[in-house]
There are 2 protein chains.
Amino acid sequence: MRRLSLFLLSFLSFSILYAQSDDSLMIRKIADEVLVNGKAYDNLRQLTKQIGQRLSGSQGMVKAEKWGIEKMKEAGADKSWLQQCMVPHWVRGAAEELKITSGADKNKKLAVAALGNSTGTGPKGINAPVIEIKSFADLETKKDDVKGKIVFYNYKFNSKLIRTFESYGDAVMYRFMGPPAAAKYGAVAVLVRSMSHSTDNYPHTGSTASGDTIPKIPSMALGLKDADWLDQQLQKGTVNVFYKSNAHFLPDTIGHSVIGELIGTESPNEIITVGGHLDSWDLAEGAHDDGAGVVQTIEILRALKAIGYKPKHTIRFVLFANEENGLRGGTKYAEEAKAKNEKHIFALESDAGGFTPRGFSFGGSPEQLKKAQGWIPLLQPYGVYEIEKGGGGADVGPIAETMGIPAAELIPDSQRYFDYHHAKSDVFENVNKRELELGALNMAAFIYLVDKYGL
Amino acid sequence: MRRLSLFLLSFLSFSILYAQSDDSLMIRKIADEVLVNGKAYDNLRQLTKQIGQRLSGSQGMVKAEKWGIEKMKEAGADKSWLQQCMVPHWVRGAAEELKITSGADKNKKLAVAALGNSTGTGPKGINAPVIEIKSFADLETKKDDVKGKIVFYNYKFNSKLIRTFESYGDAVMYRFMGPPAAAKYGAVAVLVRSMSHSTDNYPHTGSTASGDTIPKIPSMALGLKDADWLDQQLQKGTVNVFYKSNAHFLPDTIGHSVIGELIGTESPNEIITVGGHLDSWDLAEGAHDDGAGVVQTIEILRALKAIGYKPKHTIRFVLFANEENGLRGGTKYAEEAKAKNEKHIFALESDAGGFTPRGFSFGGSPEQLKKAQGWIPLLQPYGVYEIEKGGGGADVGPIAETMGIPAAELIPDSQRYFDYHHAKSDVFENVNKRELELGALNMAAFIYLVDKYGL
């Protein structure tokens, strides 16, 4: 038996080595296709420069849906369609304003942007003093001083954390829960320090909590330089401001996720999903967030088709609607999959920017994680060094949860992401062609491995 | 014995763990200092915006030397001085020009820049037809057609290679050896396709071979879009051009490397060197090449001093003169060290851009490499995933070779480097504060580990 075992073992080892070599060659083929003939960068130029901002409910989103379905066909989808969902229709309205009305700097304007889903002051605005709050604990201490004032949350993005998404996770609660928390104590409006390490002064928007039971007061983000300036003024004494936001909701409207499909040759009823979100905030072109994920998704389809790859399973390429202020596209995708009794096996997302890839975050069982980590040597030549316990992104969350399947997300280098995130600077010019392509090719390789070996 | 061994083993493991934990804390301290109080970015702004280009022999280099010595003092050097060396003094002269003189595009101008160390045509220029050469093998095939013509080397930067420095290594011989090779067959001038993946049209300069025995003809780099355009025209027929370059050498002049020192507390006569090069090409501000290495070097000094670190060995912080077109600073540094019978133990360089760090390249014995690789777990939280066999950069080459010591170089992510390298786009705005700082702190951590454990 021992000799036989050894024989079997060496045979197996040989098979594994052989398969790995086959896989290396296939991944090299995918990589060459993306790096030499890639269309992701040109597609991103179209999406950002010809369409631009595409917040749910906007004309930009409607144009982007039409563009997306054309791109799916052009890239070689066997099938493509729009999946309808109702989306919130929040609008910024006429220009916001924050103007100093007291002291030596009277009439100085600060850089502000209404938070997504926030309510406005109306065109007449508000005149009130500002009170600075450093943390929720600080709010509790000062709760009796808040009434009638504008609460300025000045919680800093933590520069000691190496991964900027951790700094974001740490700070974002002030944007999301800060407004209702301040409203509870009678504040009339909120300013939130932008969540960023950027060295410019652009305000960074993003969703704030909304819903029937949540108290609403006008809420705006403040640029970092102006946040520091305001902090200094408040240390000297009272600061009165004129605060105006015209943000408001219109009735929900119709939106669509764009879906393309490569039909599986062996198990066409077993579905792998890969996607990014088509909507963006309204302040810029949404180049990194999430134009990158959109064009990477289309590029994976294009490249797999171009090299003649025939997937065993059906691969769905999804440009999700309404990630930014509602997640209705991702939610609807899961609901419809459940209603149709679809079988899903894996979902992958790109929504952390078109930067140079470093790894994947993976949500699944320890055994599945270990299996995926076994593929690292195949991805390492392309810059992926780790597959770490985590999860997929927001859009693939509902399908992963509904189906009880593993999900993953591309983890690019995060240092520049929050410089641009939800701000005017999130434009095409801040995306590098090669970094974008490396993300796409590593995702395509990951999809190929899941399609071949399962999880 | 077995029990004793086990006991010893567990004791040793404990000691190692304890030391690692100490090291983790120290590296965390260095990281916090750089990320919270870092001056690298502000210093880079000064160097690039207040001084700008600083090619050897230029006024910019003289200003940069003065700035550098002030910065060494400000950062807390125990000693600082200028190390003199003679440097080549090449100048671009009045604006270069390449103008089409035949066909439908007569008078169209293409984006060109004289190669460093090249000779010029003088103000009268040259009128000649262009011949396209795809490789040195192609040159041999066409050698009888070259006489009296302008050779256009159109060798593409290989996009299949993941690490762009490999693409550069592959292509750079056409810039360096292309001009004398063309001159040998009677060419009157040379155009070289810029070595870059960039999507703009800036020409990228860089050294070409020079010396008494090397045949000299005027040589310029051509922007990528114009290189593609010229290639298309040449496929249709003859292209005649007016070619003018005013590049020339002036007599060698005096330059200086800037040196700061932290004096060792245990072995002050054993020296660790860390540095980057102070000179830059003349087309831009040299922000990545090598402003980044310069300010990281100063930042390592500043941070170690700020946290009160007392090195065992003497640490030398060197801003080398003349890396770009002569390497006279690095050469002089090694010569003087030898003449003074100094003892050096290690040298580290940053000259691959201020991008997010991925690893170190290391030149030393297999045992030394293994020892350094043992430190990876300490650096991994800060983005360094590999220490690979390689070597230090150009500037620490002479000291490493002269002393027979190990040398290393920071390896940042390379995707964007050649977009800017030696071109007008190598400006401060293309450097990210956090990426620059992460490079500095990983270098500081590496220096700390070498100082503590040796190699």
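Me: What makes S5(A) and strand S6 (residues 189–193) of chain A a pair?
Reply: This is a predicted model, so everything here is read from predicted coordinates. S5(A) and S6(A) are joined over four bridges, in the parallel sense. Pairing asks for at least two bridges, so these strands qualify. One spot to look at is Ile150(A), which stands opposite Ala189(A) in S6(A).

Me: How do you know that strand S4 (residues 126–133) of chain A pairs with S5(A)?
Reply: Four bridges join S4(A) to S5(A), and the two run parallel. With at least two needed, that counts as pairing. Here Glu132(A) is the residue opposite Phe152(A) in S5(A).

Me: What do S4(A), helix H4 (residues 136–141) of chain A and S5(A) make together?
Reply: They make a β-α-β unit, and a right-handed one. The word right-handed is used because, with the strands pointing away from you, the path from the first strand over the helix to the second runs clockwise.

Me: Which residues of strand S5 (residues 150–153) of chain A point one way, and which the other?
Reply: Ile150(A) and Phe152(A) go one way, Val151(A) and Tyr153(A) the other, and all are buried.

Me: Zooming out, how is chain A divided into domains?
Reply: Domain 1 of chain A takes 26–89 + 251–453, and domain 2 takes 93–246. Their C-alpha centres lie 33 Å apart. The contact between them uses 14 residues from domain 1 of chain A and 18 from domain 2 of chain A. On the domain 1 side, five are nonpolar, six polar and three charged.

Me: And which helices of chain B each supply at least two residues of the side that touches chain A?
Reply: The contact takes 21 residues from chain B and 21 from chain A. Helix H1 (2–37) and helix H14 (433–453) of chain B each give at least two residues to chain B's side. H14(B) has the largest share, four residues. By class, that side of chain B splits into seven nonpolar, seven polar and seven charged.

How values were computed. Residues numbered from 1 in each chain as written. Chains lettered and ligands numbered in written order. Predicted model: local features only at pLDDT ≥ 70, side-chain atom pairs only at ≥ 80, totals over all residues. Domains from an automatic or database assignment. Contact = placed C-beta atoms within 7 Å. Nonpolar A, V, L, I, M, F, W, Y, C, P; charged D, E, K, R; others polar. Buried ≥ 20, exposed ≤ 12 C-beta atoms within 10 Å, placed from the backbone.
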